[in-house]
Every structure is written in C-alpha cells, then in structure tokens.
Amino acid sequence: MHLFYTSFVLCVLSACHMTTSTCDELLSSEDAEFCKGKLKVIYPDLVVDKCMIIPQRIREKISKEWGPPQVQLPSADEEKKYTLLMVDPDAPSRQKPSRAYWRHWLLVDIKGEALQRGDVSAVELSAYTRPTPPQGTGLHRYQFLIFEQPEGQSLSLSPQENSSRGNWDPQAFVERFGLARPVASLQFLTQNHKD
C-alpha cells in the first residue's frame with residue numbers, strides 16, 4: 001500500500017507527463033489501450049501524449065481557464081484532410097451515461113500539413129467546450145479521435161445533431177460520411193476540480 005501511495009504522489013507531482021510507468025498503473029487496461037497513433041493534445045501547462053488521469057492541481061485550469069488545445073499528429077499525410085472529434089462518453093457519469101456521447105468539439109477539413117504542426121484551424125462544426133464533469137460524478141473520459149476524410153466529402157451535422165451536444169451518436173456520424181476507423185485516438189480522464 002505504501003509503495004502505491006508513493007507512486008501515486010510522485011505521478012501527481014510530476015504532472016503525469018506520460019514518460020513514467022506509475023501513471024499507467026492508475027488507469028484500467030481498457031482506458032490505457034484506447035490511445036493509438038501518437039496523437040498529442042497540448043494545453044498551456046500539460047502535454048497529453050498517452051492515456052492519462054489529469055493531476056488534481058491541473059483540473060481547475062483545464063475546466064475553467066484553458067481554451068482549445070493544440071492537437072498534433074506528426075504522421076498525418078500532408079495531402080489529406082482530417083476530422084477531429086472530442087467526446088465525453090460518461091455524461092453525466094460513467095455509472096449512468098444517459099447523455100453519452102457529449103460532443104465537446106468537432107472540426108472537419110483539417111489540413112494534414114497543419115495537423116502535423118499542431119494547428120487545427122479548420123471548419124468548426126461544434127465549438128470547443130471545456131471538460132467540466134459535474135461534481136460528485138467521478139472520473140470522465142475525454143476522447144479525441146482523428147479520422148481521415150474521404151476526398152471531396154463535405155461533412156456537416158444534421159439539424160437534430162445541431163440542436164443538442166448530448167446523446168450524440170458519433171458512430172452514426174462516422175458511418176454517414178464514410179470515415180472508417182480512426183487513424184489516431186487519445187483520451188484523458190478527469191473529474192470535477194472540487195472532488
């Protein structure tokens with residue numbers, strides 16, 4: 001028990017920049033395996049380059065201060081365009097996700113050359129909303145998925161999808177536009193900063 005506590009404290013103090021194996025031990029294997037493709041999400045004081053739990057001292061910043069992160073995929077094809085989805089599958093809680101999937105951000109027509117640099121200036125179908133899990137609902141997963149767009153495809157939300165961010169069906173969106181499977185995925189877990 002003492003070793004686990006020491007590892008946990010060291011992980012939090014080092015801001016869990018995913019070069020330490022101690023942070024991985026805090027995630028379930030399912031949560032840790034979600035991340036594929038060397039995607040990076042970059043906030044002012046935090047680089048997420050593997051699945052991780054956001055340290056307590058960063059939670060208020062990520063939910064109240066910081067705007068949209070840079071999103072970088074070094075392996076993006078310069079000639080292609082990409083779609084970025086950011087969702088919370090745990091709305092309002094992981095135990096009772098009655099509003100899943102909550103759409104936090106949806107960008108389309110991201111140029112591959114820009115994505116390599118972390119510049120996701122693109123067509124915004126849903127503006128970025130910060131991760132703000134309700135108090136007392138535990139850890140929420142915030143998932144980033146990058147899809148390669150088929151050439152000449154124009155993506156949009158239906159009027160029904162535009163009317164609410166909650167209960168969104170990302171799989172239906174992906175299938176409607178032939179996006180296939182994600183080329184990269186990343187998630188972090190966080191909870192209300194007051195918990």
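Guide: Of the 195 residues of the protein, 44% count as buried, where buried means under 20% relative accessible area, exposed over 50% and partly exposed in between, with a 1.4 Å probe and protein chains only. This is a predicted model, in which local features need pLDDT of at least 70 and side-chain atom pairs count only at pLDDT 80 or more, while totals for chains, interfaces and linings use all residues. Residues are numbered from 1 along each chain as its sequence is written, and side-chain values use heavy atoms, with hydrogens and water left out.

The protein has seven helices and nine strands; these are DSSP runs numbered from the N terminus, helices being H or I with at least four residues and strands E with at least two. The part to look at is strand E1, residues 40-43, whose covered face carries Val41 and Tyr43, whereas Lys40 and Ile42 lie on the uncovered one.

E1 pairs with two strands, and two strands pair if DSSP finds at least two bridges between them. With strand E2, residues 46-48, the pairing is antiparallel and rests on three bridges, and Tyr43 has Leu46 of E2 as its bridge partner. Two residues separate E1 from E2, and together these strands form a hairpin. Strand E4, residues 70-72, also runs antiparallel to E1 and is joined to E1 by three bridges; here Ile42 is partnered by Gln70.
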